[in-house]
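Work through the exercises below. Try each task before you read its solution.

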Amino acid sequence: MSLAKHDRTPGPGAPAPEAAPPRTAPATPGPATPVLLWLITAGLVLAALNLRPAISALAPLLEEVRADLGMSGTVAGLLTSVPALCFAVFGVTAPALSRRYGPVAVVAAGMAAVTAGLALRSLAGGTGVFLASSALALAGIAVANVLMPVIVKRCFPDRIGSMTGLYSMALSLGAAGAGAVTVPLASALGDSWRLGIGLWAVPGALAVTAWLAVLIRGRATRTATAGATPTAPAAPAAPDTARLTLRRSPTAWALACFFGLQATAAYIIMGWLPQIYRDAGISAGTAGVLFAVAMGLSVPLSFVVPPLATRMRTQGPLLTVLALSGLAGYTGLWLAPHGGAWAWAILLGIANCAFPVALAMIGLRARSSHGVVRLSAFAQSTGYLISLPGPLVVGVLNEATGDWHLPLAFMAALMVLQIIAGVLAGRDRHIEDGA
């Protein structure tokens with residue numbers, strides 16, 4: 001398996017693009033490859049576990065954070081938009097960083113940023129420091145978000161669906177776990193929201209350790225392989241066809257719009273669902289558990305949905321079913337937020353499975369790992385830019401009206417647009433073809 005800085009996967013013009021790569025960038029370079037693959041699998045899981053606690057651990061305690069730091073509803077809405085802004089701004093840098101330092105080193109550095117940001121955030125004495133330290137953690141998450149599909153495509157080209165499902169499951173588990181245990185954890189530590197969210201830096205440190213191990217083992221494997229076998233002449237780099245056509249590709253834009261709309265729904269839920277339940281008369285602890293159900297349902301479903309998506313010729317029908325589940329959940333929150341609280345959490349949890357399908361489609365809409373890294377950066381960065389206004393608008397609408405009816409209507413309208421974008425993005429097309 002090659003983790004070299006430059007991807008030499010044959011370009012889209014080459015015959016049989018899924019054939020074995022050239023000897024200069026072997027997919028399995030030497031006898032240590034199984035060990036390295038296991039390390040990468042562990043690294044993917046640990047990194048994914050840390051991609052959402054920075055957001056979901058905050059949601060159940062947002063009311064306490066607002067009171068302590070003096071945040072208005074509008075500023076709190078801005079806080080829920082910060083993740084999308086950071087993912088858009090920093091995610092676009094991932095391809096250049098990956099070419100310069102290699103994807104493993106960049107993910108390791110990203111996990112270090114997550115760990116430092118979460119630790120510093122718990123010490124913040126004001127809104128400005130809180131936002132800055134949150135941005136540091138989210139910058140680390142951003143580059144990992146982009147490079148996860150790239151590493152899966154490069155290291156597990158025949159298992160895109162199952163590996164995407166594995167790290168999507170871990171990602172959902174991290175989000176759900178943080179949402180469920182942060183309030184009890186904070187209560188056990190003297191009702192301190194600072195300790196409640198600060199302790200999530202610990203799993204971040206474990207992820208840093210795992211990716212440093214992958215980095216060291218990968219370099220050792222390549223060194224041993226280079227010393228044991230003759231070096232073949234360097235093959236010319238694949239042409240950057242994906243970069244040349246991406247901004248003119250309807251498929252790339254459809255995927256970016258779909259990614260942005262599903263991200264909007266996800267971050268609105270992560271930022272506001274516990275507060276919707278609390279405003280309906282549900283306790284903070286129960287609201288956190290309901291939030292965990294909405295986030296955690298995709299843990300088991302992530303084993304099923306992405307592999308199912310990769311076996312389908314078009315993913316539009318699957319994405320439509322997921323979006324309809326979300327619409328049903330919003331309707332329930334409008335009509336009976338307290339009485340049907342558990343049912344609405346389950347429906348919204350099913351709708352959240354649009355995210356792992358979006359990740360799987362990034363790997364399906366490009367033929368090579370070179371195309372995947374470009375498409376991943378474009379779709380995620382553009383998508384997160386699209387998602388920026390959503391959580392902020394929800395906060396402003398709630399503060400202006402004093403209830404959740406208008407915000408829920410806004411969320412439902414966005415879900416209809418998500419269906420349209422999902423049908424277009426789910427078509428059997430490839431960006432290398434200019435489609």
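Rings of Phe, Tyr and Trp (its six-membered ring) pair if their centres lie within 6.5 Å; planes under 30 degrees apart count as stacked, over 60 as edge-to-face and the rest as tilted. The model is predicted: local features need pLDDT of at least 70, side-chain atom pairs count only at pLDDT 80 or more, and totals for chains, interfaces and linings use all residues. Residues are numbered from 1 along each chain as its sequence is written, and side-chain values use heavy atoms, with hydrogens and water left out.

**Exercise 1.** Classify the pair of Trp253 and Phe378.

Solution.
- Start with the total: the structure holds five aromatic pairs.
- The ring centres of Trp253 and Phe378 are 5.0 Å apart and the planes stand at 85°, so this pair is edge-to-face.
- Now place the residues: Trp253 is in helix α12 (residues 250–279) and Phe378 in helix α19 (residues 369–387), 125 residues apart. Helices here are DSSP runs (H or I, at least four residues), numbered from the N terminus.

**Exercise 2.** Which residues form one aromatic cluster?

Solution.
- Take Phe259 and Tyr384: the pair is edge-to-face, with 5.2 Å centre to centre and 85° between the planes.
- Phe259 lies in helix α12 and Tyr384 in helix α19, so the pair ties together parts 125 residues apart in sequence.
- Check the cover. Buried means under 20% relative accessible area, exposed over 50%, partly exposed in between (1.4 Å probe, protein chains only). Phe259 has 0% and counts as buried. Tyr384 has 1% and is also buried.
- The cluster consists of Phe259, Tyr267, Phe355 and Tyr384.

Definitions and conventions. Helices (H or I, at least four residues) and strands (E, at least two) are DSSP runs, numbered from the N terminus.
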